[in-house]
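Reader: I want to learn how to read a structure one feature at a time. Can we go through this one together?

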Amino acid sequence: MRRALPLLIGLLAAMSCLSPAARADDTLSFPVLVPLTGFLSLEGTSQRNGAVLALKQTPAGVAIASEVVDTGTSPEAAVTALERAAGSGTVGAVAASMLGTQMLAMLPLAQELKLPLVTVSGTASITEQGNPWVFRFFPGDAVTKSAHARYVVEELGKRQPAIIYQTTAYGQSGKTHLDAAFKALGVTPVFEEGVDPAAKDLLPVLTKALAAKPDVLVLHLHSGPTALLLRQAASSGVTLPIVAGSAMHQPSTAALLEPAELKGVCAETAASPISGDTPEVKAFTDAYRTAFGKDPDAFALGQYDGMTMVLEAVKAGARTPDAIRKALSAETFKGLAMTYRSDGKGNMAHSAVIVCYDGTSRVPKLVKRYDDPTLAAK
């Protein structure tokens with residue numbers, strides 16, 4: 001028997017548009033099923049906030065309803081959440097967990113129920129299942145890990161990376177793509193080791209990595225472990241350049257560290273809203289801070305862009321899950337982070353950036369942008 005949902009967080013602000021008359025059969029529901037507790041709580045909270053902010057943009061003449069449900073980190077909880085959401089009215093699309101194992105568990109049910117899942121999960125395999133109901137608004141590992149490795153080799157000139165990655169599906173996926181990207185660049189890592197996300201001390205793996213005499217540390221860790229390893233590296237006097245995964249770009253991760261502990265640290269990500277300089281991204285960042293009292297990250301912005309594209313489809317006349325799926329599959333959408341277009345598998349995002357910290361602030365600078373030359377929308 002599947003476990004009960006860990007926590008029902010509450011109704012979205014979008015529910016405020018629901019007058020008794022609006023609770024008619026034509027109300028479209030957009031559940032937000034994301035991890036708000038457990039090791040992915042920081043990232044999941046960003047994902048939730050991006051979806052909530054987007055869903056405030058209710059299209060004129062359309063009744064929108066939604067609720068936020070904490071899926072924790074177990075696949076069973078995510079599947080149960082999707083089952084329950086599907087039974088609560090007409091669901092247009094679901095803002096679905098960014099945790100790869102939860103997405104892989106939900107995908108068969110989404111196909112059975114014929115519900116679009118809109119996510120920012122980076123786990124590459126979620127769009128390799130032949131499932132037409134998944135749409136990823138964050139570049140997958142094939143894009144981000146390519147940018148990650150290229151920056152290390154082409155920009156920093158390093159050829160002896162030590163890779164420390166997570167033992168989760170997210171970590172395994174990233175490690176696989178890092179290996180492939182480094183191999184394509186003619187580079188073989190001098191050290192590779194996975195660590196459990198619950199590990200409380202990363203000094204042992206850091207010590208082993210340094211013993212392999214790398215010229216750069218390459219991290220692919222969740223938020224908490226990233227901060228822990230960087231803190232222990234700084235306190236140990238490590239001066240090697242460190243290029244981390246997307247978790248590092250999050251303001252919530254940087255907040256766990258002193259600016260000096262970030263000196264020389266870079267990270268790959270889809271976008272860095274707090275580093276953005278366009279009026280549209282600044283407006284998004286201001287609205288996010290007003291709504292949630294904190295800075296947004298790329299996960300929030302990606303989920304915001306994804307749900308905004310869904311609402312644009314609704315605004316254009318899509319009123320069923322299948323109509324929304326077809327719009328997501330066929331249309332090009334200019335979001336705030338980038339322009340999105342499906343590659344036929346549900347991969348909507350095809351760009352990545354590198355950001356770096358100078359040791360004086362927790363706001364990184366964008367130093368390099370990579371666009372997939374075959375898939376990036378123009």
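Reader: How many disulfides does the structure hold?

Author: A note before we start: this is a predicted model. A disulfide is called when two cysteine sulfur atoms lie within 2.5 Å. The structure holds 1 disulfide. It joins C266 to C356, with an S to S distance of 2.1 Å.

Reader: What is the handedness of the link between C266 and C356?

Author: Look along the S-S bond. The angle about that bond is 105 degrees, and the link of C266 and C356 is right-handed.

Reader: Which parts of the chain does the pair tie together?

Author: Find the element that holds each cysteine. C266 sits in strand β14 (residues 265-269), and C356 sits in strand β17 (residues 351-356). The pair therefore ties together parts that are 90 residues apart in sequence.

Reader: Are C266 and C356 buried or exposed?

Author: Both C266 and C356 are buried. The cut-off for that word is under 20% relative accessible area.

Reader: Stay with strand β17. What does V353 touch there?

Author: V353 belongs to strand β17. To read its surroundings, skip the neighbours within four places in sequence. What remains for V353 is A267, E268, T269, A270, A271, L366, K368 and R369. V353 has a relative accessible area of 1%, so it counts as buried.

Reader: Now a single side chain. Which backbone oxygens does the side chain of T226 reach?

Author: T226 lies in helix α7 (residues 223-235). Its side chain reaches the backbone oxygen of H222 at 2.7 Å. The side chain of T226 also reaches the backbone oxygen of L221, at 3.3 Å.

Reader: Is T226 buried or exposed, and what does it touch?

Author: T226 is buried, at a relative accessible area of 1%. Beyond four places in sequence, T226 touches L221, A244, A247, M248 and T253.

Reader: H222 came up. Which side chain does T168 meet at H222?

Author: The side chain of T168 makes a polar contact with the side chain of H222, at 3.3 Å. T168 lies in the loop between β10 (161-166) and α5 (169-184). At 15% relative accessibility, T168 counts as buried. T168 touches F39, P197 and H222, again leaving out residues up to four places away in sequence.

Reader: What about Y165 in strand β10? Where does it make its contacts?

Author: Y165 is in strand β10 and counts as buried, at 11% relative accessibility. Its contacts beyond four places in sequence include G171, Q172, K175, H220 and L221. Also among them are E192, E193, G194 and V195. Y165 and A244 are 79 residues apart in sequence, yet 9.8 Å apart in space from C-alpha to C-alpha.

Reader: Last topic: backbone angles. What is phi of K114 and of K213?

Author: Phi of K114 is near 60 degrees, a positive value in a residue other than glycine. K114 is in the loop between α3 (100-113) and β8 (117-119). Phi of K213 is near 55 degrees, also positive and also in a residue other than glycine. K213 is in the loop between α6 (203-211) and β12 (216-220).

Reader: How accessible are K114 and K213?

Author: K114 counts as partly exposed, at 49% relative accessibility. K213 is exposed, with a relative accessible area of 65%.

Key:
Residues numbered from 1 in each chain as written. Predicted model: local features only at pLDDT ≥ 70, side-chain atom pairs only at ≥ 80, totals over all residues. Heavy atoms only, no water. Helix = DSSP H or I, 4+ residues; strand = E, 2+ residues; numbered from the N terminus. Buried < 20%, exposed > 50% of the residue type's maximum accessible area, 1.4 Å probe, protein only. Polar contact = N/O pair within 3.5 Å; in protein donor to acceptor, adjacent residues only side chain to side chain. Contact = heavy atoms within 4.5 Å.
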